[in-house]
Amino acid sequence: MKLAVNSSIFVALSMMLTLSSKQNSVRIVAAKCTSKSSTEIADNTQVPAASAKAGSSDSKFPKASLWSTFFTSGFSVGETYSESSSSEKKTVHSRNSGWAAAVRKVVSGGSMRRFQERVLGSVRTDVSSSDGDIWLLGVCHKISPHEATGDVDTRNVFAAFEQDFSSKILITYRKGFDAIEDSKYTSDVNWGCMLRSSQMLVAQALLFHKLGRSWRKTIDKPVDKDYIEILQLFGDSETAAFSIHNLLQAGKGYGLAVGSWVGPYAMCRTWEVLARNPREKNDQGEPPLPMAIYVVSGDEDGERGGAPVVCIEDASKRCSEFSRGLVSWTPLLLLVPLVLGLDKVNLRYIPLLQSTFKFPQSLGILGGKPGASTYIIGVQNDKAFYLDPHDVKPVVNITGDTQEPNTASYHCNISRHMPLDSIDPSLAIGFYCRDKDDFDDFCSRASKLAEESNGAPLFTVAQSRSLPMQVTSNSVSSDNTRFEEDDSLGMNLVNDAGTNEDDWQFL
């Protein structure tokens, strides 16, 4: 029996490698990654169109391996996208149909799945109470063993976490939307994971803004109108304000292009540009994004040195510009792009990243593994819980006319996680501040975190760009006009803690 299974494996391998050599003009992309497939599969096989650009400091492209190509092809049979004509696609599809069923049968078998997990790594979905409490975007779910007293509590100890997790908006690869601009692309499979991850982060900010952090999606109550309106903003057409079509258009100045991967820094700047574009207001007179955006990353052309600094005057300026001078403060979306190491995150930053999820303003992290962006929304000790954009789903047209629109594809009840220290060092952290008091609370928490960082903070807080002084947690919480002078911190950080210069990566 083993001999028969192993023979099937290598027959399938030979067939796919032969097909690859004959059809080098056709890109076979992932049709669907199951909950047991690796999140790295979909993005490790396509060579980005923008990879030929020399000197791009924002791009991180992994080297595609033979095994990643093999397994992606195995999960991709029967789903072909290319820039050829529709008749050519039909010819390729019919040519593939003969071996597609055989490959699917082999790939779906237990032997192949175990082999795949051994080579590429498996997706973990287990959650254990022995690993401590879970922090999910500023909310603590008490699931430690001492919290469970009795069989009933043990059975239901994860219920609140599961409902909270499944209420977060999931946005994944889509297929079948209108072609993007003048291209032939009708799907973002294999290249759009960072765009989808960023859409999820902004969608959570809108959920918090309109419905509050305590909102949960239920099946026994009417669908919230605000919730439907949020989903409509992320539709896959040019008419949707925050569609992948409009993100690519807004991000051209930062290297965004159809079929290309993009890094966190360029993605954050793209949202800043998109938010400035004039858009029709809703019935309440609000723009699609009813909050100012502040990208905390120094100069427009990149970092000059040191940790990024949240400048209170800059945040105030963003709010004033957003309201056109009508009010002094507005809701604020902060995006902090970082690079925390070379090939992997420097371990000194792991506790700091964990602590950001305890902020009430937390919106999680745009990150993942190299070449495979995810949206990280929670932590449990060294585990990072995330929403995975790599599942491929058909386009869904959600309209306000439908009494009960089908929103199932925008949620996930499988709580995937990965080791936090395995994520790509290039990432971006998000925070949502509802008002000035909320922003002051954020600054106080951020300053305290910087004070506890042993000289290597994720970012710091300062009142003004012209003053080389740091805002401390006490000064923010008690009096916003008081500051503690510190020549080693501020807009031009001096490394006096022995931190290796390579630890400070600039975007």
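Where is Gln204 found? Gln204 sits in helix α7. Helices (H or I, at least four residues) and strands (E, at least two) are DSSP runs, numbered from the N terminus.

This is a predicted model, in which local features need pLDDT of at least 70, side-chain atom pairs count only at pLDDT 80 or more, and totals for chains, interfaces and linings use all residues. Residues are numbered from 1 along each chain as its sequence is written, and side-chain values use heavy atoms, with hydrogens and water left out.

Gln204 is buried, at a relative accessible area of 0%. Buried means under 20% relative accessible area, exposed over 50%, and partly exposed in between (1.4 Å probe, protein chains only). Setting aside residues up to four places away in sequence, Gln204 touches Lys168, Ile169, Leu363 and Tyr375. Contact here means heavy atoms within 4.5 Å.

Gln380 is also buried, with a relative accessible area of 0%. Gln380 belongs to strand β10 (residues 372-380). Its side chain reaches the backbone oxygen of Gly132 at 2.7 Å. A polar contact is a pair of N or O atoms within 3.5 Å; within protein, one must be able to donate a hydrogen and the other to accept it, and residues adjacent in sequence count only if both atoms are side-chain atoms. The C-alpha atoms of Gln380 and Asp133 are separated by 6.1 Å, although the two residues are 247 apart along the chain. Beyond four places in sequence, Gln380 touches Val127, Ser128, Asp131, Gly132, Asp133, Ile134, Ile143 and Phe385.

Strand β10 is mostly covered: nine of its nine residues are buried. Two strands pair if DSSP finds at least two bridges between them. The table lists strand pairs of β10.

| Strand pair | Bridges | Direction |
|---|---|---|
| β3 and β10 | two | antiparallel |
| β9 and β10 | five | antiparallel |
| β10 and β11 | five | antiparallel |

Trp135 stands opposite Val379 in β10. Tyr375 faces Leu387 in β11, and Leu366 stands opposite Tyr375.

**Strand β6**

Strand β6 (residues 292-295) points Ala292 and Tyr294 one way and Ile293 and Val295 the other way; all are buried. Four bridges join β6 to β8 (residues 332-339), and the two strands run parallel. Tyr294 stands opposite Leu334 in β8.

In α6 (residues 159-167), Phe161, Asp164, Phe165 and Ser167 are buried. They cover an arc of only 165° around the axis, so they lie on the same side of α6. The arc is that of the directions from the helix axis to the C-beta atoms. The buried residues of α6 pack against β3 (134-136), β4 (139-141), α7 (193-211), β10, β11 (383-387) and β13 (416-419).

In α8 (residues 225-233), Tyr227, Ile228, Ile230, Leu231 and Leu233 are buried. What covers them includes α7.

**Nonpolar cores**

A nonpolar core is a set of buried Ala, Val, Leu, Ile, Met, Phe, Trp, Tyr and Cys residues joined through side-chain atoms within 4.5 Å. The largest has 63 residues, of which Leu206, Phe234, Phe242, Trp271, Leu333 and Tyr375 touch the most other members. Its largest share, ten residues, comes from α7. Apart from this core lies another, of 42 residues, among them Leu420, Ile429, Cys433 and Cys443.

Leu333 is in contact with Leu201, Val202, Ala205, Met291, Ala292, Ile293, Tyr294, Leu363 and Phe431, leaving aside neighbours within four places in sequence.

**Aromatic pairs**

Rings of Phe, Tyr and Trp (its six-membered ring) pair if their centres lie within 6.5 Å; planes under 30 degrees apart count as stacked, over 60 as edge-to-face and the rest as tilted. The count comes to 13 aromatic pairs. Phe359 and Phe431 form a tilted pair, at 5.7 Å centre to centre with 35° between the planes. Phe359 lies in the loop between α12 (350-356) and β9 (362-369) and Phe431 in strand β14 (residues 426-433), so the pair ties together parts that are 72 residues apart in sequence. Both Phe359 and Phe431 are buried. One aromatic cluster is formed by Trp329, Phe359, Phe431, Phe439, Phe442 and Phe459.
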